[in-house]
Amino acid sequence: MKRLLGTLALGLAALGAQAQDWPQKPVTLVVPFPAGGSTDMVARAISPRLGEKLGQSFLVDNKAGATGTIGATFVKRAAPDGATFLVTSLGPLVIAPHLIKGMQYDALKDFDPITVAVQAPNVLVVPAKSPFKTVAEVIANLKAHPGKMTFASSGNGSSDHLTAELFWQQTGTSGLHVPYKGGAPAITDLLGGQVDASFQNVNAVVQNINAGKLRALAVTGDKRSPVLPDVPTTAEAGVKNLEVYSWQAIVAPKGLPPALRSKAHDAMTAALNDPAVKQQFTAIGLEVVANTPEQFAKFQQQESARWKKVIETGKITID
């Protein structure tokens, strides 16, 4: 009997330790952009599943500003106890560090990578009433009127901004970059015809394209998007080396205990691969990645080097 009670006590102690390895308070998923954009959508899609799986509240907190670096800095300074995560686009992790002086964090050293959540190509879109119907027509206009055609983006240093810069580099042209505070306001002005074009995330504009409110000219993937099968790739449209994927990922403050990191990774990848969540993503052109922390770390280094080269080649600054 004593042996049985001793075993039971050890078992209960182990369960108690397991329960305590996750913070017993609400977990915040910090999104460094306004509500309504691609990153915000990803965070809000997985938070209920995380709550169900881990038995506690997961709250989405939008801390927008400074190309996503305000939210990223907040998470860098948070305790590495599993109560705070950053759900972000590639901008704050692989682009902004090469653009902003006096950064408050080192993107490759100050976070523990959890997983790349999703990815999608960007798509070159123009308003429905735009005179441009092909990529060739856009290039011809850019060459005839250098620096005049306006390209909206979700902010300085965002994927859509740098895709436009790379497009100009690959075609020997120049346009006028118009940054917004997030994807949603950029799309609003695009729909209203206040700006001429934009390289938007496919998932953010596919409904407007299908509704005839925006015209898609090309996607930046290495293959056509399943949700826009009739839209050529940029390579098919005559522009080489413009394969660009926007992506969303999850990181934690540096120093997350290994057991917590493993538990977070397992829960987050399970949420991403939940059939209902996955269907929600694929329906709008997002591909679930859900890779390992090690794969994410290697990928982040590759992406960082790539965008550093684009920024240096274009002598791009946002100061």
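I take a residue as buried under 20% relative accessible area, as exposed over 50%, and as partly exposed in between. Arg44, at 40% relative accessibility, therefore goes down as partly exposed. The model I am reading is predicted.

**Entry 1: Arg44 and Asp40**

I looked up the partner of Arg44 and found a salt bridge with Asp40, with the closest N and O atoms 2.9 Å apart. Both residues sit in helix H2, 4 residues apart, so about one helical turn separates them. Is Asp40 buried or exposed? I noted a relative accessibility of 5% for Asp40, so it counts as buried.

**Entry 2: Arg224**

I then went to Arg224, which I found in the loop between strand E8 (214-219) and strand E9 (245-253). Leaving out residues up to four places away in sequence, I listed its contacts as Val219, Pro229, Asp230, Val231, Pro232, Thr233 and Glu236. Which backbone oxygen lies 2.9 Å from a polar atom of the Arg224 side chain? I traced that oxygen to Pro229.

**Entry 3: Salt bridges**

My count for the model is 9 salt bridges. Side chains of opposite charge can pair when their charged atoms come close. I found Asp222 and Lys223 joined by a salt bridge of 3.8 Å, N to O. Asp222 counts as exposed at 55% relative accessibility, and Lys223 is also exposed, with a relative accessible area of 52%. Glu236 and Arg224 meet in a salt bridge of 2.9 Å, N to O. Both lie in the loop between E8 and E9, so I noted that the pair ties together parts 12 residues apart in sequence. Glu236 is partly exposed, with a relative accessible area of 49%. I also recorded one network, in which salt bridges with shared partners join Asp112, Lys254 and Arg261.

**Entry 4: Pockets**

I put the volume of the largest pocket at about 430 Å³. Its lining has 27 residues, and Gly36, Gly37, Ser38, Asn201 and Ala204 lie nearest the centre. Among the elements that each supply at least two lining residues I noted helix H2 (38-54), helix H6 (159-171) and strand E7 (197-201). I sorted the lining into 8 nonpolar, 17 polar and 2 charged residues.

The second largest pocket has a volume of about 290 Å³. I listed 20 lining residues for this pocket, with Thr67, Ser154, Gly155, Tyr180 and Lys181 nearest its centre. The lining of the second largest pocket divides into 9 nonpolar, 10 polar and 1 charged.

Terms used
Residues numbered from 1 in each chain as written. Predicted model: local features only at pLDDT ≥ 70, side-chain atom pairs only at ≥ 80, totals over all residues. Heavy atoms only, no water. Contact = heavy atoms within 4.5 Å. Polar contact = N/O pair within 3.5 Å; in protein donor to acceptor, adjacent residues only side chain to side chain. 1 Å grid on protein atoms, 1.4 Å probe; cavity = no way out; pocket = protein on both sides within 12 Å on 5 of 7 lines; lining within 4 Å. Points joined across faces, edges and corners; volume = space filled by probe spheres on them. Nonpolar A, V, L, I, M, F, W, Y, C, P; charged D, E, K, R; others polar. Salt bridge = Lys/Arg side-chain N within 4 Å of Asp/Glu carboxyl O. Buried < 20%, exposed > 50% of the residue type's maximum accessible area, 1.4 Å probe, protein only.
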